[in-house]
Amino acid sequence: QVQLVESGGGLVQAGGSLRLSCGVSGRTFSSYAMGWFRQAAGKERELVAAISRTGGTKKLADSVKGRFAISRENAKNTVYLEMNSLKPEDTAIYYCAAAEGYFATTYDYWGQGTQVTVSS
């Protein structure tokens, strides 16, 4: 069974930065494409960033391009979401997800989420 655990969320002022981490256990981390999603109150879950199994392919939502970056360290079984220039509209629960394969459009495994709150 694959387990994903997010960390690094919190309260930050607008313009600030946070780095989210997601540790993966249970199977070979390098077998999985990874993604970060978020869900704000009253809104649908949306894909924020995705990264391929090797880290060679990345995708960012238009709303976070130039501010967020996704990366992974396969030796540490961890994927990161670096968030800079945060805005109040970035406030949401952020979820890490994993999928078998090189690069994913649908995901099989999910973490429990970590809250990010950006104050104005």
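This is a predicted model: local features need pLDDT of at least 70, side-chain atom pairs count only at pLDDT 80 or more; totals for chains, interfaces and linings use all residues.
Colleague: Is Thr78 buried or exposed?

Modeller: We judge that by relative accessible area with a 1.4 Å probe on protein chains only: under 20% is buried, over 50% is exposed, and in between is partly exposed. Thr78 comes to 12%. That value falls under the cut-off, so Thr78 is buried.

Colleague: Which residue is joined to Cys22 by a disulfide?

Modeller: The structure holds one disulfide (cysteine sulfur atoms within 2.5 Å). Cys22 lies in strand E3, residues 18-25, and its partner in strand E9, so the pair ties together parts that are 74 residues apart in sequence. Both cysteines are buried. Their sulfur atoms are 2.1 Å apart, and the partner of Cys22 is Cys96.

Colleague: Is the link of Cys22 and Cys96 left-handed or right-handed?

Modeller: Look along the S-S bond between the two cysteines. The angle about that bond is -80 degrees, and the link is left-handed.

Colleague: How many aromatic pairs are there, and which residues do ring pairs link into a cluster?

Modeller: Rings of Phe, Tyr and Trp (its six-membered ring) pair if their centres lie within 6.5 Å; planes under 30 degrees apart are stacked, over 60 edge-to-face, and the rest tilted. The count comes to four. One of them is Phe37 with Tyr107, edge-to-face at 5.2 Å centre to centre and 85 degrees between the planes, linking strand E4 to the loop between E9 and E10. Phe37 and Trp110 form a tilted pair, 4.8 Å centre to centre with 55 degrees between the planes, and the cluster is Phe37, Tyr107 and Trp110.

Colleague: What is the phi of Asn77?

Modeller: Asn77 lies in the loop between strands E7 and E8. Asn77 is partly exposed, with a relative accessible area of 30%. Although Asn77 is not a glycine, its phi is positive, at about 55 degrees.

Note on methods:
Residues are numbered from 1 along each chain as its sequence is written. Side-chain values use heavy atoms; hydrogens and water are left out. Helices (H or I, at least four residues) and strands (E, at least two) are DSSP runs, numbered from the N terminus.
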